[in-house]
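Trainee: Could you walk me through reading a structure like this one? I would like the general idea each time, and then the case at hand.

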Number of protein chains: 2
Amino acid sequence: MSHTVGIRRTQKLKTRQALLGAALQLLEHQSLSSLGLREVTRAVGVAPTAFYRHFEDTAALGVALVEEALGSLHGMIGEILAATGDSEVRLDRSVDLIIHHVREQPAHFRFIAREQHGGVGPVREAIAAQLLSFAEEVAATLAEDPDSRGWSDEDLLMLGGLYVDHMVLTASAMLEAGPAGEHRVAEVARRRLRLVTLGRLHWLDGTNPADAPGVPCTSDDD
Amino acid sequence: MSHTVGIRRTQKLKTRQALLGAALQLLEHQSLSSLGLREVTRAVGVAPTAFYRHFEDTAALGVALVEEALGSLHGMIGEILAATGDSEVRLDRSVDLIIHHVREQPAHFRFIAREQHGGVGPVREAIAAQLLSFAEEVAATLAEDPDSRGWSDEDLLMLGGLYVDHMVLTASAMLEAGPAGEHRVAEVARRRLRLVTLGRLHWLDGTNPADAPGVPCTSDDD
DNA sequence: CAATTGAGAGTACGAATGTTCACTGACTTG
DNA sequence: CAAGTCAGTGAACATTCGTACTCTCAATTG
């Protein structure tokens, strides 16, 4: 029997993680489709051939990076969705959380934004799949909100996708703007969210209130 | 004086255009940062060194492609903005125009979507500048709309940017979905536009029409 | 018409790429 | 403890790359 569990496996995971980390760093200034296998191994300090022990392709490495990056994003979305209170407050909190996570994991956001429409098919698909599941998660949470009474599943998913796309766009804009422009980007993001929220509140205005119990006259406080 | 005008210049422009076209085609399956100089010249059937007669870099070629691609986009935006009639009708027409242009110039849209957040700085900046000017153009047109009475310039630009971003996102989604999914993507795009339009109509609901329009002052983040 | 220009061809170079193969040696297992 | 597994090594491979040269010769110019 083995008492010591995986000294070997541990070391392997360590180098694998090192490869992922080095790649993420190198991808700050280029896209995945131009990332060289040797480039990554050189940064880690490992022989080029060792790469194959972990990934078949740089594309496969990219897919692994998607998992990693959107894993951390998943946590953030959970935080946003868990927020309570006035919609304006939740809106501010959402943007603040995006700011915070972009500062903490800039490379992850940059990678997602860059490769979402990038040149490597499998990576694009992986990102699309993950973002879709995020949108579904958001939609499911929205469905529980009283403001979403009478909404069809399709519309909820549409709105969830809108929020997710907006999040990625905002994060990318912040990275591009740098610390100096963060404030401005955040302000615009807030306004956009506000606009979408307004549209959301009036989505069912034209529909039959007997059919779908919407909000014909839940007056907004002023 | 020269009677014949630029047989030589004409030929040069022709090869330049051939280089741009070949590059655009090659960029269908990769990003600009991995596009090789030789790759482009080989596709055109010209010596690698001839490339330098037209562009200093592949990055410079990318910037030239931005001009070309967003030139055609500019025409489309003009068409969209020139549309008249009910907002629902204009909305449908906008999406139809996007569909039409994506079908006609898929490579241009793909290039813009891909390199907007891509690995080549100068190209990113060129795209950002052009898209900003589009947003300003949209904002200027929105300003003339009766529905936009009382809107601040900042809010108008925010909305214009939202429309532009949405357009790029929609075009990219259509390319990804292919002809089969075009319909579905168009439907979602319409709903999103409808939501934004609703938000737009209620943007000033809470503000005092006699007082200064706009958004109440916001809290600053840390 | 003679002189000049300049787009493109051709060759050559060093550097870097992905991938193969046989190998070592520390860890794991029976 | 002996046998086997396997992460990582190092050399070698055929390509591809960007770029620096010289050269050609048709279009332009004065």
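Mentor: We will go from the whole chain to the pairing of copies and then to two residues.

Mentor: This is a predicted model, in which local features need pLDDT of at least 70, side-chain atom pairs count only at pLDDT 80 or more, and totals for chains, interfaces and linings use all residues. Residues are numbered from 1 along each chain as its sequence is written, chains are lettered from A and ligands numbered from 1 in the order in which they are written, and side-chain values use heavy atoms, with hydrogens and water left out.

Trainee: How many helices and strands does chain A have?

Mentor: Helices (H or I, at least four residues) and strands (E, at least two) are DSSP runs, numbered from the N terminus. Chain A has seven helices and zero strands. Its C-alpha trace spans about 70 × 50 × 35 Å along the principal axes.

Trainee: What percentage of the residues in chain A is buried?

Mentor: Buried means under 20% relative accessible area, exposed over 50%, and partly exposed in between (1.4 Å probe, protein chains only). Of the 222 residues in chain A, 48% are buried.

Trainee: And what share of the contacts in chain A joins residues at least 24 apart?

Mentor: A contact means heavy atoms within 4.5 Å. Counting contacts in chain A between residues at least 6 apart in sequence, 65% join residues at least 24 apart.

Trainee: Why do the copies meet through the same surface?

Mentor: Because 88% of the interface residues of chain B are also interface residues in chain A.

Trainee: Is A:I112 buried or exposed?

Mentor: A:I112 counts as buried, because its relative accessibility is 2%. This residue sits in helix α5 (residues 106-116) of chain A, and touches A:A69, A:L70 and A:I127, leaving aside residues up to four places away in sequence.

Trainee: Which side chain does B:D155 join in a polar contact?

Mentor: A polar contact is a pair of N or O atoms within 3.5 Å; within protein, one must be able to donate a hydrogen and the other to accept it, and residues adjacent in sequence count only if both atoms are side-chain atoms. The side chains of B:D155 and B:W203 are joined by one of 3.0 Å. B:D155 lies in helix α7 (residues 153-201) of chain B and, at 0% relative accessibility, counts as buried.
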